[in-house]
Amino acid sequence: MKPRTHGGGWHAIGYAWKKARDAGFLRLWRAMRSKNACKTCALGMGGQAGGMVNEAGHFPEVCKKSLQAMVADLQGAIKPEFWQTYSVAQLQAFSPRELESCGRLTQPVVLERGSQYYRPIEWDEALGRIATKLRSVAPRETFWYFSGRSSNEAGFLLQLFARIYGTNNVNNCSFYCHQASGVGLSSVTGSGTATIELEDLNATDCVFVIGGNPASNHPRLMTMLMQVRRRGGDVIVINPVVETGLVNFRVPSDVRSLLFGSKIASLYVQPDIGGDLALLSGVAKRVVEIGAAEEQFLMDYCRGWEALRAWLASLSWDEIERKSGVRRGQIEEIAVRYARAKNAVFAWTMGITHHAHGVQNVQAIGNLALLRGMVGKPGAGLLPIRGHSNVQGIGSVGVTPQLKDAVFARLQQHFHVSLPTETGMDTLACIEAADARRARVGFCLGGNLYGSNPDAAFARRALGNLELLVYLNTTLNTGHAHGLAEETIILPVLARDEEPQPTTQESMFNFVRLSDGGPRRHVGPKSEVGVIAALAAAVLGDAGPVDWRSMQATGKIREAIAKVVPGFEKLAGIDRTKREFQIGGRTFHEPRFATDDSRARLHTFVLPELPGGGAMLRLMTVRSEGQFNTVVYEDADVYRVQERRDVILLHPEDIARLGLRAESRVAVSSEAGRMPGVLLRAFDRIKPGNALMYYPEANVLVPRTVDPLSRTPAFKSVLVRVEA
Ligand SMILES: Nc1nc2c(c(=O)[nH]1)N[C@H]1C(S)=C(S)[C@@H](COP(=O)(O)OP(=O)(O)OC[C@H]3O[C@@H](n4cnc5c(=O)[nH]c(N)nc54)[C@H](O)[C@@H]3O)O[C@H]1N2
Ligand SMILES: Nc1nc2c(c(=O)[nH]1)N[C@H]1C(S)=C(S)[C@@H](COP(=O)(O)OP(=O)(O)OC[C@H]3O[C@@H](n4cnc5c(=O)[nH]c(N)nc54)[C@H](O)[C@@H]3O)O[C@H]1N2
Ligand SMILES: [Mo]
């Protein structure tokens with residue numbers, strides 16, 4: 001492949017044309033113009049032209065990802081004869097990309113252990129089987145996993161059903177994603193989400209982009225980064241890999257940028273994998289040393305300043321350099337730039353959360369921001385860049401094992417029920433319970449629970465121990481081939497823009513968006529809300545506290561959410577008023593925080609020793625440009641110039657040091673597993689001592705090490721050995 005000097009630009013536009021040709025220009029245009037929140041990342045695109053207008057109303061924001069997701073949904077149906085043609089063994093041989101491109105799921109299918117083939121069944125039979133099983137097991141023997149694609153309405157309804165049925169084993173993909181951000185932010189500001197609105201980005205003159213690759217994964221953020229540079233501001237990138245799109249990017253919707261390219265990073269710093277905690281603390285130490293800390297702010301609006309000051313003073317530069325992999329001079333350079341910023345925003349993604357010290361990483365970001373009073377004023381603050389388009393909303397409306405006290409109380413009151421108080425399990429705990437046969441039934445609203453798990457061999461075995469596993473999906477994925485229980489049922493559902501009724505989503509800026517839905521493209525798939533309501537009625541009957549049939553109306557569900565979830569009051573009439581809104585109580589434009597004494601909290605740490613050294617390398621498992629999580633759209637990763645996915649990328653120095661040969665086949669092993677036949681590639685953009693492979697294929701190597709505070713696996717910090 002030809003090396004690229006820029007991310008974005010003509011490649012993205014060319015790709016859009018190709019996809020449009022595949023799907024039919026008119027069909028795709030209509031789909032992209034429908035008024036629905038974008039299906040891919042959580043930046044919150046929506047408005048009058050679904051997925052192409054941001055919260056500030058700017059149009060058009062072209063994004064390759066949303067086109068990919070849209071074209072996938074526009075696919076034809078999987079034909080009935082497919083199920084007799086392809087055995088499970090054949091499905092298992094399919095790549096993630098091949099499974100995705102089989103087409104849309106339109107019929108319920110069941111697979112019973114011992115049979116080689118999935119078998120189409122009627123909806124009534126499918127729901128009947130599930131209801132019978134649910135009635136025969138204890139509620140605590142079930143778990144309910146949600147991906148972040150579904151609507152607030154579907155999320156609320158299913159968690160309500162699960163709790164009234166009798167379990168708090170309710171969780172979402174955030175336990176594998178941003179849970180460390182939620183836990184970390186709550187321990188800093190008392191609120192678990194971004195402290196700023198989209199508008200604030202227009203007033204910032206310094207953005208930190210830590211542990212993320214937004215050129216591929218949040219392309220629309222690139223426009224904002226470009227604008228910061230045009231205003232003369234700084235974009236400081238912290239990433240062990242020099243990502244092409246963070247150096248130069250052509251923003252497709254901006255003519256000047258498209259033609260000439262835009263410089264993105266003004267400073268690019270490469271720590272070792274896992275070195276951020278030491279690095280950020282080193283920057284904080286230097287900010288204090290040069291007298292740039294806002295002492296008054298720290299004393300008036302924070303707690304823990306004295307302890308933090310003493311701890312920073314006690315750190316030696318030696319320790320900081322050794323545990324971050326960054327030299328003192330560069331750390332001082334970051335501090336100098338930060339010290340001159342008027343309004344700084346700290347943005348981060350999985351390079352921060354996918355570690356055994358993910359929560360501490362987030363707290364260290366909080367420290368650095370608070371040191372200069374950068375939380376609690378307009379134009380500055382903390383911004384976790386979320387993954388799935390509605391992962392934040394799903395969490396807000398109650399898809400968590402532990403409900404907030406206010407939500408729990410109001411839920412009981414609104415529905416006149418008493419809900420279980422037993423501690424619910426997080427995602428990994430559910431899989432471990434399945435492995436130990438303490439869980440018997442799993443129910444997945446979207447996503448790919450098998451494919452997103454660490455330790456793929458373990459996940460396969462654990463899910464295999466379940467008696468029933470139910471998947472509500474739009475397309476086939478690796479879970480349907482490898483995550484198989486004694487009985488596995490797949491129920492086909494409608495995508496957001498095919499829903500017969502309006503639904504709502506929440507962006508990472510705490511902004512609630514309304515999606516109109518749209519005409520169905522296939523006969524067969526049902527609305528998620530419809531399926532959940534029908535199942536709840538079948539299991540719990542109509543006589544109970546909730547009239548499940550009436551809950552098929554999304555308006556009725558929104559009324560309940562508006563009553564139950566603080567900040568969502570305006571949701572009740574949103575389909576009439578069409579007024580999308582900012583959720584109250586979460587954005588901090590003044591230094592009064594959501595803690596009990598209104599002060600933010602500062603934290604001190606024990607800096608972890610970097611693992612690795614010698615023959616052992618630190619491995620990150622990441623996304624390529626051509627995929628959305630476990631769904632692979634194309635094999636190529638254009639910006640990292642890889643045409644295939646079965647590769648491990650190492651710095652040429654490491655290849656020489658380990659006596660290996662680039663372009664040869666190697667075996668990669670970790671404490672969790674071994675992958676033979678991996679193609680070794682020289683990649684001088686990664687910091688020596690570190691390695692890169694693609695998720696989900698590399699999940700056989702990821703051990704089940706989790707951050708004890710957020711229960712998020714260390715997907716970015718796997719110790720591996722590479723051998724010829
Ligand atoms: N196209 C596309 N868009 C997506 C997704 C997708 O799969 N495809 N997924 C969505 C979801 S659910 C999510 S959560 C987000 C994910 O968005 P990202 O977090 O951007 O995705 P990853 O590929 O996991 O990339 C992590 C980045 O972290 C860096 N990194 C790895 N380890 C470290 C470390 O120790 N420190 C630092 N500082 N950096 C590190 C890697 O070099 C890489 O650039 O994207 C969302 N948007
Ligand atoms: N090694 C490693 N593992 C990781 C990560 C990593 O970086 N490295 N990242 C982690 C992260 S951040 C995340 S978020 C998880 C991803 O975890 P998940 O959210 O569980 O997985 P996805 O691959 O996004 O799920 C894709 C499936 O969603 C279904 N789908 C799409 N749209 C809809 C819809 O509207 N409704 C319904 N019901 N289904 C729909 C499709 O059938 C598709 O196959 O993986 C985690 N696992
Ligand atoms: Mo995610």
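Visitor: Between which domains does ligand 1 lie?
Guide: Domain bounds here come from an automatic or database domain assignment. Domain 3 (179–385) and domain 4 (616–723) both give residues to the shell around ligand 1, so the ligand lies between them. Keep in mind that this is a predicted model, where local features need pLDDT of at least 70, side-chain atom pairs count only at pLDDT 80 or more, and totals for chains, interfaces and linings use all residues. Residues are numbered from 1 along each chain as its sequence is written, chains are lettered from A and ligands numbered from 1 in the order in which they are written, and side-chain values use heavy atoms, leaving out hydrogens and water.

Visitor: Which residues come nearest to ligand 1?
Guide: A residue is near a molecule if one of its heavy atoms lies within 4 Å of it. Of the 30 residues around ligand 1, the nearest are K65, N239, E243, Q627 and N629.

Visitor: Where do polar backbone atoms meet the nitrogen atoms of ligand 1?
Guide: Look for pairs of N or O atoms within 3.5 Å; within protein, one must be able to donate a hydrogen and the other to accept it, and residues adjacent in sequence count only if both atoms are side-chain atoms. S216 has a polar backbone atom 3.2 Å from a ligand 1 nitrogen, and for I238 the distance is 3.1 Å. At Q627, a backbone N or O atom lies 2.6 Å from a nitrogen atom of ligand 1.
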